[in-house]
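Welcome to this guided look at a protein chain. Please keep the sequence and the 3D view side by side as you read.

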Amino acid sequence: MWGYRVAQSFVFAIEEINRDPHLLPNLTLGFSIWNSGDSVHGALHETMGFLTGVEEPVPNYMCGLSPPRAALVGDTRSAVSIPMARLLGLYKFPQVSYSSTLASLSDKTQFPSFLRTLASDFTFSHALAQLVLHFRWSWVGILAQDDDFGQQSSSQVTRELAQARVCIEFHLHIPSLQSLEKINTIVHKMEKCTATVVLVFLSNSNFQDILQRLLRCGISGQVWVSQDTLHTGLALTMPGVSQVLQGSFSLLQHRSQALGFPEFLSRLHPTRTPEDMFLKKFWEATFGCTWPVGNSTVVGGVQFCSGKESLRGQEHPFQKVSRVDIAYSAVYSIAHALQDLVACEQEDQACTDTQHLQPWQLLQPLRKVHFKIPDGTEITFDANGDLVTEFDVLHGQKTAEGRFHFVRIGTIKKRASLGDRMTVQVMEEELQVPSSVCSRSCAPGFSQIPRPGFPHCCFNCSPCPEGQFADQIDMKHCLLCPEEQYSSRTRDHCLPRTETFLAFEEPMGLMLASVALMLAGLAVLVLGVFLKHRDTPVVRANNRALSYMLLTSLALCALSALLFIGRPTVATCLLRQTTFAVVFTVAVSSILAKTLTVVLAFRITRPGDRVQMCLGPNASALVVLVASLVQVVLCGVWMGTSPPFPDRDTVSEPSHIVIQCQEGSGIAFSCVLGYLGLLAGFTFSVAFLARGLPNAFNETKFFTFSMLLFCSVWTTFLPLYHSARGKSTVAVEIFSILASTAGLLGSIFIPKCYIILLKPEWNTPGCVR
């Protein structure tokens with residue numbers, strides 16, 4: 001019945017063209033309908049008969065045909081169209097199919113004279129892949145028929161989705177011959193799968209079997225996406241099918257409509273066209289009656305057709321999802337190609353008259369036709385002979401009354417400016433499209449970490465580390481922030497860094513500067529006390545000139561800490577470490593000279609002893625001078641080879657750029673500190689060995705304790721200095737300078753000031769001796 005209505009759309013198009021005064025005005029198209037029996041053997045036999053003009057065709061023999069035959073329309077199935085296309089291709093005889101979709105038919109090497117007025121399976125598959133990408137489905141399953149249609153279409157979709165990095169959770173093939181055991185196996189596999197979206201390349205019967213099995217198992221929630229709605233329409237007869245098909249998507253080629261065709265069908269009647277041998281059978285199938293032989297109306301329970309039945313308003317099953325006027329545009333394509341051929345409208349083709357028309361002459365204008373049929377649909381073919389078309393996107397929905405139907409929600413179009421790409425336009429903004437992903441998207445600030453043993457669509461989300469960011473969803477890797485920026489707390493963007501250094505205005509800088517000034521002031525105050533009481537025994541004991549030098553150097557040590565505070569400049573970077581190293585060397589060498597003086601003084605056993613020569617003021621000054629000169633030379637070499645310089649540290653503090661002094665040569669810096677440490681260690685050793693001398697006129701115990709504090713501070717300083725970052729490095733060095741300065745000042749001079757200021761009765765020659 002469906003095939004007869006398709007044939008009538010062919011007849012309707014012929015009659016409409018013959019009535020058109022502008023299309024082939026001086027020609028009348030005729031037609032003949034051949035029945036292939038839906039078999040390859042029948043199709044080849046009928047095709048040969050069509051070509052030769054005899055009922056028992058002989059290859060390469062052609063009976064005189066008048067009028068000439070221009071083209072062939074059909075067949076329905078691809079399996080039947082393929083052998084026809086091979087045969088017709090040998091003669092370059094045009095064949096325009098309205099229903100064969102197999103992708104291999106687009107191969108012009110095998111089928112040079114084949115064209116079709118619908119999209120191929122290849123184009124359908126490409127559109128289906130674009131729909132998957134549009135809805136951002138990255139985890140899908142595929143059910144494919146185990147035949148040419150299922151294998152070619154599903155393979156094409158798989159290739160395109162793989163290129164777009166969409167993962168296929170399962171790709172199951174269903175045999176063309178129905179197998180309940182195979183269906184059950186596939187349904188059991190689907191139960192364990194997590195993909196929400198399933199792409200369907202199945203025949204009607206197999207898809208119905210799948211749906212029935214799913215209904216029995218109570219499985220729902222899948223989103224079925226198919227190339228056409230014919231099988232979905234068949235499934236509408238199943239009770240409860242909306243439970244499974246709710247939210248499904250289908251692509252339907254946007255085809256032309258034969259305006260007036262329903263009225264043409266309604267006027268059909270056996271009495272009007274008695275030569276139509278199929279019309280009575282169509283009438284009987286439509287109304288469920290039998291044409292009577294006599295005058296009886298009902299015999300033996302059989303209802304006879306009265307002829308008063310009306311085809312007006314009669315619908316065949318699934319009329320809304322299955323077109324019966326699909327041959328309409330194929331006929332119009334041939335008519336316009338004939339029009340171009342006889343009118344010589346193409347500059348690169350030879351003209352011909354209809355009496356001497358050869359079918360191969362029609363191929364070139366047929367491939368180049370570009371026109372609009374009466375309903376406004378544009379008809380044109382691409383290089384493969386396939387119709388350039390667009391697709392309607394249909395969505396399965398329920399009405400308020402609970403009735404299940406498909407609603408057109410958008411289109412998929414091929415844009416010439418985009419090459420082979422298609423654009424998807426969905427019109428319903430409130431459409432709730434379920435997601436189908438193996439893993440939820442990683443939000444900005446996170447990157448994807450692949451799961452071992454899973455496809456790339458399956459991943460975990462890991463937050464970006466410090467200094468990196470991810471400003472989009474599903475980023476494979478976090479990006480590094482520019483050097484002048486740092487990552488935000490959410491790691492989804494970068495923020496500008498601010499410059500920082502240990503400034504006088506901030507609390508730590510202000511506190512350290514105050515302590516430095518206090519220590520320097522205290523050292524100057526003690527020096528003033530010593531100068532005022534310079535003739536007392538406590539001040540004169542053990543070389544008061546060395547005491548003055550030591551106090552002066554300690555004051556400078558405290559003040560040298562101020563060079564480490566404030567924004568580093570070239571000058572301050574050059575002075576920081578060198579000033580610190582030289583003044584501390586002077587202080588330590590002064591203590592060494594004092595200690596050696598005490599030790600040598602107790603070794604004098606008689607007047608004129610050679611050791612007495614080492615107790616003079618010049619000898620002590622020489623010790624300080626030589627020890628300090630060595631440090632000055634080391635600092636000079638440092639400044640001459642690789643001096644310190646201002647630098648920008650972008651690593652220590654993520655949100656700041658630390659302005660600091662880079663030490664330049666690390667070896668030179670280590671040599672300077674190493675020499676100072678060696679000098680301090682030697683001084684401590686000498687003082688420690690002399691601690692047992694008599695208390696009277698002996699400062700070695702104070703020297704020992706002060707050097708113990710000094711060495712402890714700087715021994716602790718080294719690991720802290722190397723582990724600190726940013727401003728903390730400077731703060732640690734300043735603290736070490738101030739702590740060692742306070743230790744030397746307090747341990748050596750506070751006891752003397754106590755005697756001078758608070759116990760003057762002890763500051764007498766008798767008490768000292």
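Ser78 belongs to helix H3 (residues 78-90). Setting aside neighbours within four places in sequence, Ser78 is in contact with Ser100, Thr101, Leu102 and Leu105, where contact means heavy atoms within 4.5 Å. Helices (H or I, at least four residues) and strands (E, at least two) are DSSP runs, numbered from the N terminus.

A word on what you are viewing: this is a predicted model, in which local features need pLDDT of at least 70 and side-chain atom pairs count only at pLDDT 80 or more, while totals for chains, interfaces and linings use all residues. Residues are numbered from 1 along each chain as its sequence is written, and side-chain values use heavy atoms, with hydrogens and water left out.

**A helix and a sheet**

Helix H4 (residues 121-134) has 14 residues and spans 20 Å from its first C-alpha to its last, close to the expected 20 Å. That expected span is 1.5 Å times one less than the number of residues. Because 11 of its 14 residues are buried, H4 is largely enclosed by the rest of the structure. Among the buried residues are Phe124, His126, Leu128 and Leu131. After H4 comes Arg136, with a positive phi near 60°.

Next, look for an open sheet of eight strands, which run in the order E5-E4-E6-E7-E8-E13-E14-E15 with mixed pairing. Strands E5 (167-174) and E15 (422-426) stand at the edges with a single partner strand each, so one side of each has no neighbour in the sheet. On average, neighbouring strands of this sheet are turned by 25° against each other, direction ignored. Axes are lines fitted to C-alpha atoms, for helices over the stretch in contact, and angles run from 0 to 180 degrees between N-to-C directions.

Strands pair if DSSP finds at least two bridges between them. Strand E7 (residues 223-226) and strand E8 (residues 249-253) pair in the parallel sense over two bridges, and Val225 stands opposite Phe249 in E8. Helix H6 (residues 180-191) packs on the sheet, touching E4, E5, E6 and E7, and its direction makes about 170° with that of E5. Helix H7 (residues 204-217) also packs on the sheet, touching E4, E5, E6 and E7, with its direction at about 175° to that of E7.

**Salt bridges**

How many salt bridges does a search of the whole structure find? The search finds nine, a salt bridge being a side-chain nitrogen of Lys or Arg within 4 Å of a carboxyl oxygen of Asp or Glu.

In one of them, the side chains of Asp392 and Arg408 meet at 3.0 Å, N to O. Asp392 is in strand E13 (residues 391-398) and Arg408 in strand E14 (residues 404-414), so this pair ties together parts 16 residues apart in sequence. Asp392 is buried at 9% relative accessible area, whereas Arg408 is partly exposed at 38%.

Glu499 forms a salt bridge with Arg567 (3.1 Å, N to O) and another with Arg648 (2.6 Å, N to O). Since Arg648 lies in strand E23 (residues 645-649) and Glu499 in strand E22, their pair ties together parts that are 149 residues apart in sequence. Through shared partners, salt bridges join Glu484, Glu499, Arg567 and Arg648 into one network.

**Disulfides**

A disulfide is a pair of cysteine sulfur atoms within 2.5 Å, and by this rule the count comes to seven. Here are some of them.

| Pair | Sulfur atoms apart | About the S-S bond |
|---|---|---|
| Cys289 and Cys305 | 1.8 Å | 95°, right-handed |
| Cys464 and Cys478 | 2.0 Å | -85°, left-handed |
| Cys573 and Cys661 | 1.9 Å | -85°, left-handed |

Cys573 lies in helix H17 and Cys661 in strand E24 (residues 656-662), so this pair ties together parts that are 88 residues apart in sequence. Cys573 is buried at 1% relative accessibility, and Cys661 is buried at 11%. Cys289 is buried too, with a relative accessible area of 5%, and Cys305 counts as buried at 4%.

Note on methods:
Buried means under 20% relative accessible area, exposed over 50%, partly exposed in between (1.4 Å probe, protein chains only).
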